[in-house]
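Here are a few friendly notes to read with the model open beside you.

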Amino acid sequence: MSETRGVAEGDPSSSRFNQAYQDLRNLLISGSFPLNHRLTEAELGALLEISRGTVRPVIVRLVQEGYLTSEPNRGVRTRMFTVEEAAEVLEAREILESALAGKAAERATDEELEELAEICKRMAAAEAERAEADYQTLIRRFHQRIRDAARQPILSGFVDSLVYPLVMRQYRDFANPHPRPNSLNEQRAILYALQTRNASAARAAMRHHVGSARRALLLNTQPRGKESDGTEQFKGSPMKLSVV
Amino acid sequence: MSETTAAPSGDLSSLRSLQAYQDLRSLLISGRFPPNHRLTEAELGTLLDVSRGTVRSVIVRLVQEGYLTSEPNRGVRTRMFSIDEAVEILEAREILESALAGKAAERATDEELEEMAAICEQMATEEYDLQGTEYSKLNTRFHHQVRESARQPILSGFVDSLVYPLVMRQYRDLTRKHPRKDALKEHMAILYALQTRNAAAARAAMRHHVGSARRALLLSADSAGEVEESAV
């Protein structure tokens, strides 16, 4: 690597690059494009209002991180996960978050536990008020604080790298039925396991909670049966869990 | 170049570049350079017998993967891990390998179990030379087979990304008691847990085995700390 190169627009250290990268990643996570959809540099440049020179490294990074794929003759495309791939991503998340909860039980400070208890209280209030968006935000914060309390930035980094938001977006009707009546109790089970410094209980409680997405996915997409040819997303007839 | 390939990694499709990458990575793992040692493109070009352009793309990849660092004014350097960083990496490895062993207990085919049993048998015959390269290769193969059997390429990929071989190389005097005669028994414990399809036992056995390096490092770090304090 040259040690004297100046910072160009397409340089990954430039703020224009960072902004474009964040913007495109958010678009991908929010489901702005169809699955397996081909993206051209020209359309992305127009969409993100950046030059082709900046688009290219943004694409490179998102391909490396798994948000996009890039193959000869197929171009750059948005991700599409088979049920097996989706289950694998969710399983990896389950294992990592569970391990991190165990470490958090050992390493969380009293202040961190207090903050977690506070988040739980607010979660209960949001749920009672049916403030779904707030509830989801609080759940994310709850999990993030637990990961922080584990003091294992390597494993936390792996969780962040998992592109499971893309999986949950694609399979949102199957992996995340609403409402989940036990969701709040699951968070509380995690909280009390942490507060009692019970690492194996924390692992089990977290595994159960995070695993519900994967279990719902597998239950609703019937993976047993004929082999997927890779283009279909589901085997058998998927059921949508209705909101009660 | 079409819009489908990206400039920085475009070179890596070439065989020469791949060979250079593998050669340099092996050199780094084998401890050819000291920790935090500055490497120049020129010396690497000569060492690996490739052009500066190829050296550059190899360096980019190894920096991304954590085998090298690259900072303004400090140049490209080999990794150096503090004790805390080393412990963190070994802990992450312990957790991941343990989880993968659990999945392997559920998913390994009979053929895969036979393969692992065969590796253990070979290790037993090499037991007299626990520090030898043959034993080391068998050890690597055993762990690799367990990971493969877990059918969790995402988590396996994370283990590979940990550059723990660099950590083990830097701290090899502290992480290994000579000889580690329990190592073979630990592998047998993992093997039998897998053969009996006992996921919890496989996890525990793997955690114990992989954790020995981290525990040894912590013990050494502790005793080193004590010595420093009393010397003040």
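1. A definition to begin with: a residue is buried under 20% relative accessible area, exposed over 50%, and partly exposed in between, using a 1.4 Å probe and protein chains only. By that rule R147(A) is buried, with a relative accessible area of 7%. E97(A) counts as buried too, at 1% relative accessibility.

2. Please keep in mind that this is a predicted model, in which local features need pLDDT of at least 70, side-chain atom pairs count only at pLDDT 80 or more, and totals for chains, interfaces and linings use all residues. Residues are numbered from 1 along each chain as its sequence is written, chains are lettered from A and ligands numbered from 1 in the order in which they are written, and side-chain values use heavy atoms, with hydrogens and water left out.

3. What joins R147(A) to E97(A)? The two form a salt bridge, with the closest N and O atoms 3.0 Å apart; the term stands for a side-chain nitrogen of Lys or Arg within 4 Å of a carboxyl oxygen of Asp or Glu. R147(A) sits in helix 6 (residues 132-150) of chain A and E97(A) in helix 4 of chain A, so the pair ties together parts that are 50 residues apart in sequence. Helices here are DSSP runs of H or I with at least four residues, strands are runs of E with at least two, and both are numbered from the N terminus.

4. Another salt bridge in chain A links R52(A) and E41(A), again with 3.0 Å between the closest N and O atoms. R52(A) belongs to helix 3 and E41(A) to helix 2 (residues 41-48) of chain A, 11 residues apart. Over all chains, the search finds 27 salt bridges.

5. Now to the interface. Chain A and chain B each give 28 residues to the contact, where contact means heavy atoms within 4.5 Å. About 2,500 Å² is buried between the chains, 61% of it on carbon and sulfur atoms; buried area is the accessible area (1.4 Å probe) that two parts lose on being put together, summed over both.

6. How many salt bridges lie between chain A and chain B? The count is 4. One of them pairs R107(A) with E91(B) at 2.5 Å, N to O. E91(B) also bridges to K103(A), with the closest N and O atoms 3.5 Å apart. E91(B) lies in helix 5 (residues 83-107) of chain B and K103(A) in helix 4 of chain A, so this pair joins two chains. Both E91(B) and K103(A) are buried. Salt bridges with shared partners also bring E91(A), K103(B), E106(B) and R107(B) into one network.

7. Lastly, chain B has 12 helices and 3 strands, and 44% of its 232 residues count as buried. Helix 11 (residues 182-195) of chain B has 14 residues and reaches 20 Å from its first C-alpha to its last, close to the 20 Å expected at 1.5 Å a residue, a span taken as 1.5 Å times one less than the number of residues. Its buried residues include A183(B), E186(B), H187(B) and I190(B). After helix 11 of chain B comes R197(B), with a positive phi near 55°.
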